[in-house]
Amino acid sequence: MVTGLLLILAFYIFSQNGLFGFGTDPEKRYFLPLILLIYLAAMWSFYDMRFLIGSDSMVAVFPPFRYRIPFSMISSVEIMEKWP
C-alpha cells in the first residue's frame, strides 16, 4: 500500500512540474488526485475485509459487498501462520 501511495505521490509531484503534461490542461489537473482517492478507497476496503462464521455458513464482508458461502461448498481449509 505504501509503495503505491509513494508512486502516485511521485507522479503527482512530477506532473505539477509539467513533466507528464498533466498540469498544463485544467481538466487534467485533478486526474492524479482522483486516481489517489480511488486507490485509497480500494485499499481501505481490502484492509477492512471481515469473515464471519455462522451456524450454517461463512460470510465474507468486503465493503460494500457481502457474500455468503455455505459450509457444503467449502472443500478445504488452510491455516496460515504468517500473513504475507
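**View 1. The salt bridge of the predicted model.** A search of the whole structure, a predicted model, finds 1 salt bridge. Aspartate 56 and arginine 68 form this salt bridge. Their closest N and O atoms are 3.5 Å apart. Aspartate 56 sits in the loop between β1 (50-53) and β2 (57-62), and arginine 68 sits in strand β3 (residues 65-70), so the pair ties together parts that are 12 residues apart in sequence.

View 2. Aspartate 56 has 46% relative accessibility and counts as partly exposed. The cut-offs explain the label: buried means under 20%, exposed means over 50%, and partly exposed covers the values in between. Arginine 68 has 47% relative accessibility, so arginine 68 also counts as partly exposed.

**View 3. The three-stranded sheet.** An open sheet holds 3 strands in the order β1-β2-β3. The pairing is antiparallel. β1 and β3 are the edge strands, and each pairs on one side only. Neighbouring strands of this sheet are turned by 20° against each other on average, direction ignored.

**View 4. The hairpin of β1 and β2.** β1 and β2 form a hairpin. Between them lie 3 residues. The two strands run antiparallel and are joined by 4 bridges. Leucine 52 stands opposite valine 59 in β2. Isoleucine 53 stands opposite methionine 58, again in β2.

**View 5. A nonpolar surface patch.** Five side chains are shown here: Leu6, Leu9, Tyr12, Ile13 and Phe14. They form a nonpolar patch on the surface. Together they have about 470 Å² of accessible area. Phenylalanine 14, one of the patch residues, lies in helix α1 (residues 2-16). At 39% relative accessibility, phenylalanine 14 counts as partly exposed.

View 6. UniProt lists residues 31-47 under "transmembrane region", in an unreviewed entry. In the predicted model, the chain over residues 31-47 is 100% helix and 0% strand. The end C-alpha atoms of residues 31-47 are 25 Å apart.

Key
Residues numbered from 1 in each chain as written. Predicted model: local features only at pLDDT ≥ 70, side-chain atom pairs only at ≥ 80, totals over all residues. Heavy atoms only, no water. UniProt positions renumbered as here; feature names shortened; annotations may be inferred. Salt bridge = Lys/Arg side-chain N within 4 Å of Asp/Glu carboxyl O. Buried < 20%, exposed > 50% of the residue type's maximum accessible area, 1.4 Å probe, protein only. Patch = residues over 30% accessible without salt bridge, like charges linked within 9 Å, V, L, I, M, F, W, Y side chains within 5 Å. Areas by Shrake-Rupley, 256 points an atom, 1.4 Å probe, with all protein chains shown as cover. Pairing = 2+ DSSP bridges. Axes fitted to C-alpha atoms, helices over the stretch in contact; angles between N-to-C directions.
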